[in-house]
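These are my notebook entries on one chain.

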Amino acid sequence: MNQEIRDKYEVVIGLEVHAQLQTESKIFAADAASFGASPNTHISPITLGHPGTLPKLNKRAVEFAMKMGLACNSKITENQYFDRKNYFYPDLPKGYQITQDKTPICMGGGVHVKLSTGEKTVRFHHIHLEEDAGKSLHTDGSSDSLLDYNRAGTPLIEMVTEPEIKSAEEAATFMTEVRKLVRYLGICDGNMEEGSLRCDVNISVMPVGSKVFGTKVEIKNMNSMRFIQKAIEYEIVRQIDAVENNEKIIQETRSFDPASGRTSGMREKETMNDYRYFPEPDLVPLVISEEWLSSVKAQMPALPWELFEKFTKQYGLPEYDAQVLTDSREIAEYFDATCQFTKNYKAVSNWIMGTVKSYLNDHNLEISQLSIQPEQLAKLIQLIDDGKVSNSTASQQIFPEMLADNSKTPLQIAEAKNLIQQSNSDTLQALIDEVLAKNPAKVKEYKNGKKGLLSMFMGEIMKKTKGSADPKVTTALLQSTLEKM
């Protein structure tokens with residue numbers, strides 16, 4: 001698209017983010033809420049909405065929603081009730097969804113994002129609790145649809161942003177931060193491929209400076225950061241082209257095809273009246289007492305931005321290190337735990353971002369599966385700081401041994417493999433004298449200005465000690481000896 005035309009329009013984006021809560025059971029029934037079971041094995045008369053069945057609210061789901069609100073500085077609604085949202089799709093067994101329309105559990109708040117253009121807080125209009133629908137499955141070569149109700153009744157929070165996101169980059173960055181946050185809180189696994197975190201994108205365009213939003217189009221069930229960006233970028237161009245050509249934009253629901261990179265119409269978008277909301281008569285009102293709210297606050301973990309500040313201010317890390325380490329709660333906690341056993345915080349950061357993460361990536365492991373405990377890693381760093389082993393020896397020879405047998409300390413491994421660096425000046429001086437005596441021509445070249453030969457001399461000394469000579473001590477003695485010759 002011509003940039004001049006693109007610059008005439010302002011993009012308005014709002015997201016509706018759905019996060020499946022990691023409770024053991026469903027929000028209104030005792031059926032298991034786990035993913036991956038055989039179709040229609042996690043269902044009961046309550047999930048299927050049989051006559052005479054009554055829902056019962058899952059307390060843990062409420063507390064998970066409260067945690068998200070507290071993390072986002074939202075206001076927790078004291079008095080709430082649930083509503084019925086009526087619509088008739090095959091994957092909705094009751095013919096309605098139990099949700100919160102008039103009294104969402106959280107109001108306001110937002111998530112801070114860092115963009116290429118600066119920083120901002122993307123605000124929430126509200127966060128509400130509801131139940132998920134089932135899943136329609138379409139097999140190749142068949143005109144029939146299969147229905148799996150295992151997901152029906154799984155607890156969700158829906159996080160509805162204000163319509164203030166301005167670009168595809170901002171939308172994807174916001175979703176990245178939301179995924180990080182729900183994982184930190186332990187309320188959702190954030191697995192977008194499995195659909196436990198997904199979003200609907202509401203997007204419109206309007207002339208720059210206009211006070212009236214354009215016609216809103218919704219793109220449903222986006223479950224990939226890359227697809228979110230591509231769908232938004234395509235839809236921006238599609239809508240601007242339509243406005244430029246005086247074509248009417250229909251308020252509709254669209255789907256995104258990753259293969260073509262295009263969106264396509266599914267159905268015209270329902271209005272609020274079409275859902276015929278009314279209070280759920282089978283559930284009593286929900287009251288959040290001050291005592292209950294205080295107990296949930298007491299369970300809150302350290303959040304990413306709090307750890308970022310701790311790592312940069314208390315531990316003196318560069319912002320880049322702190323950002324990488326706080327991308328994952330587990331890695332941040334491992335780093336923090338290791339720092340309780342050493343003061344060399346930068347070395348801990350380097351080891352975790354380097355050798356440790358390389359090992360985890362190569363073996364497709366999480367840091368929780370690492371056999372080396374924080375105290376052991378700190379002891380390995382201490383060996384290096386004490387000059388007993390070099391960094392390369394520690395990473396290439398001791399670290400693998402620690403992984404294979406974590407019952408041995410780094411020092412025990414180093415001693416058993418004869419890896420302790422020689423730092424005895426008399427022993428090293430004798431070796432230096434021997435090497436220099438065997439290379440008089442090279443010594444003369446060095447004295448005549450060929451200083452690069454220093455590494456050759458060091459290499460010969462390292463060969464004689466099988467790499468166990470302390471590089472710092474040896475280099476200082478070698479230079480001193482050469483200067484005196």
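**Entry 1: overall dimensions**

I looked up the radius of gyration, which is taken over C-alpha atoms. The chain has 31 Å, whereas a compact globule of 485 residues would have a value near 23 Å. The globule rule is 2.2 Å times the number of residues to the power 0.38.

I note that this is a predicted model, in which local features need pLDDT of at least 70 and side-chain atom pairs count only at pLDDT 80 or more, while totals for chains, interfaces and linings use all residues. Residues are numbered from 1 along each chain as its sequence is written, and side-chain values use heavy atoms, with hydrogens and water left out.

Taken along the principal axes, the C-alpha atoms fill a box of roughly 95 × 55 × 50 Å. I found about 24,400 Å² of accessible surface, and 49% of that belongs to carbon and sulfur atoms. The areas come from the Shrake-Rupley method with a 1.4 Å probe; for residues, only the protein chains shown count as cover.

Of the 485 residues, 47% are buried. Here buried means under 20% relative accessible area, exposed means over 50%, and partly exposed lies in between (1.4 Å probe, protein chains only). I also looked up contacts (heavy atoms within 4.5 Å). Among those between residues at least 6 apart in sequence, 68% join residues at least 24 apart.

**Entry 2**

I list 16 helices and 17 strands in the chain. They are DSSP runs numbered from the N terminus, helices being H or I of at least four residues and strands E of at least two. Two strands pair if DSSP finds at least two bridges between them.

Strand E4 (residues 83-86) is joined to E5 by four bridges, and Arg 84 has Ile 98 of E5 as its bridge partner. Two antiparallel bridges join E4 to E16. Asp 83 turns up in both pairings: its bridge partner in E5 is Thr 99, and in E16 it stands opposite Pro 279.

Which residues of E4 lie on each face, and are they buried or exposed? Asp 83 and Lys 85 are on one side, Arg 84 and Asn 86 are on the other, and all of them are buried. In a regular strand the side chains alternate between the two faces of the sheet.

**Entry 2: strands E12, E13 and E14**

I followed E13 (residues 217-222) to its partners. It runs antiparallel to E12 (residues 197-207), with four bridges between them. Ile 203 and Val 217 are bridge partners here. On E14 (residues 252-257), E13 has a parallel partner, joined by two bridges. In that pairing Ile 219 stands opposite Arg 254. Between E13 and E14 the chain passes through helix H4 (residues 225-244), and the β-α-β crossover is left-handed. A crossover is called right-handed if, with the strands pointing away from the viewer, the path from the first strand over the helix to the second runs clockwise.

**Entry 3: nonpolar cores**

A nonpolar core is a set of buried Ala, Val, Leu, Ile, Met, Phe, Trp, Tyr and Cys residues joined through side-chain atoms within 4.5 Å. The largest holds 66 residues, of which Leu 15, Met 68, Leu 129 and Ile 157 touch the most other members. I checked Met 68: leaving out residues up to four places away in sequence, its contacts include Ile 127, Ile 157, Met 159 and Val 178. Apart from this core there is a second one of 37 residues, with Trp 351, Leu 370, Met 402 and Ala 414 among them.

**Entry 4: single residues**

Most residues other than glycine have a negative phi, and most peptide bonds are trans. I noted two positive values. Arg 276 has phi near 50° and is in the loop between strand E15 (262-268) and E16. It counts as partly exposed because its relative accessibility is 44%. Asn 364 has phi near 55° and is in the loop between helices H9 (345-362) and H10 (374-385). Its relative accessibility is 71%, so Asn 364 counts as exposed.
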